[in-house]
Amino acid sequence: MNLIALPAFEDNYLWLLHDGQRALVVDPGDAAPVQEALGRLGLRLHGILVTHHHGDHTGGVAALREATGAVVYGPATERIPAPYQALRGGQTVNVLGIDWQVIDVPGHTAGHIAYFAAAVDGVPLLFCGDTLFSGGCGRIFEGTPAQMLASLGALAALPPATRVCCAHEYTLSNLRFAQAVEPGNAELIGYTRRCQALREQNRPTLPSTIGTERAINPFLRSRQPAIAKAVRAHAPSANDEVAVFAALREWKNTFR
Ligand code: ZN
Ligand code: FE
């Protein structure tokens, strides 16, 4: 299986997975780069996996379905271009011969889902939309901080080798914030250097891995004493884990 990040808009990635003949795409906000890749690589599109309803994740769905006949999958409780197969957490769907477990990850949007495969060529793979980013997490638009904390916890519990395919290249700006939160994290410093080198060559920093994110991402580490302490310096009244997480997310929203 080949995994490709197709750049779109300012900083989106449309993830394409293919076996040389058949492909699936995740969150095609724009049909054009997907059509270009399908043509160039000689692929037939079989499935479209959608994580949530935002336009930069759904804008190309209808055009791609009409052009290719691909089956569209998406969250049951959100408005996704119909017809599509409505999915809920706990369900499994088979696309390209791979079983994809659906995980409910509310927070960025109320019905956001993620897709996890235990083994693609022997390695676990996650498409997590705008829930988990490398070094960061999505803004909480429709859900609550408690929901987002639980959603990130569910993703952090996946195997450390899991490749994490996020929908945006936000890594360097996330890592600037992460270093402000946790300046003493040596793994974070090394990871930042590697990501800077990739971006200087205009290459994606993604996919990341769950193991890496557990080591460097403050939003998966908000229970660490050093992080809770740094957060309380900004928000002294944050005295339980949800309040610390909420204050960390607020701090990021205003960080420059
Ligand atoms: Zn979004
Ligand atoms: Fe997005």
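This is a predicted model: local features need pLDDT of at least 70, side-chain atom pairs count only at pLDDT 80 or more; totals for chains, interfaces and linings use all residues.

Colleague: Which residues coordinate the zinc ion (ligand 1)?

Modeller: His52 (NE2), His54 (ND1), His108 (NE2) and Asp130 (OD), at 2.2 to 2.3 Å. Donors are N, O and S atoms within 2.8 Å of the metal (3.2 Å for Na, K and Ca); water is not among the atoms, so sites may look incomplete.

Colleague: How far is the zinc ion (ligand 1) from the iron ion (ligand 2)?

Modeller: They are 3.3 Å apart, and Asp130 coordinates both. His52 sits in the loop between β4 (44–49) and α2 (55–58), and His108 in the loop between β8 (98–104) and β9 (113–120), so the pair ties together parts 56 residues apart in sequence. Helices (H or I, at least four residues) and strands (E, at least two) are DSSP runs, numbered from the N terminus.

Colleague: Is His52 buried or exposed?

Modeller: Buried, because its relative accessibility is 0%. His108 has 4%, so it counts as buried too. Buried means under 20% relative accessible area, exposed over 50%, partly exposed in between (1.4 Å probe, protein chains only).

Colleague: Switching topic. How many helices and strands in the protein chain?

Modeller: 9 helices and 14 strands. Buried residues make up 52% of the 256 residues. The C-alpha atoms fill a box of roughly 55 × 40 × 30 Å along the principal axes.

Key. Residues are numbered from 1 along each chain as its sequence is written. Chains are lettered from A and ligands numbered from 1 in the order in which they are written. Side-chain values use heavy atoms; hydrogens and water are left out.
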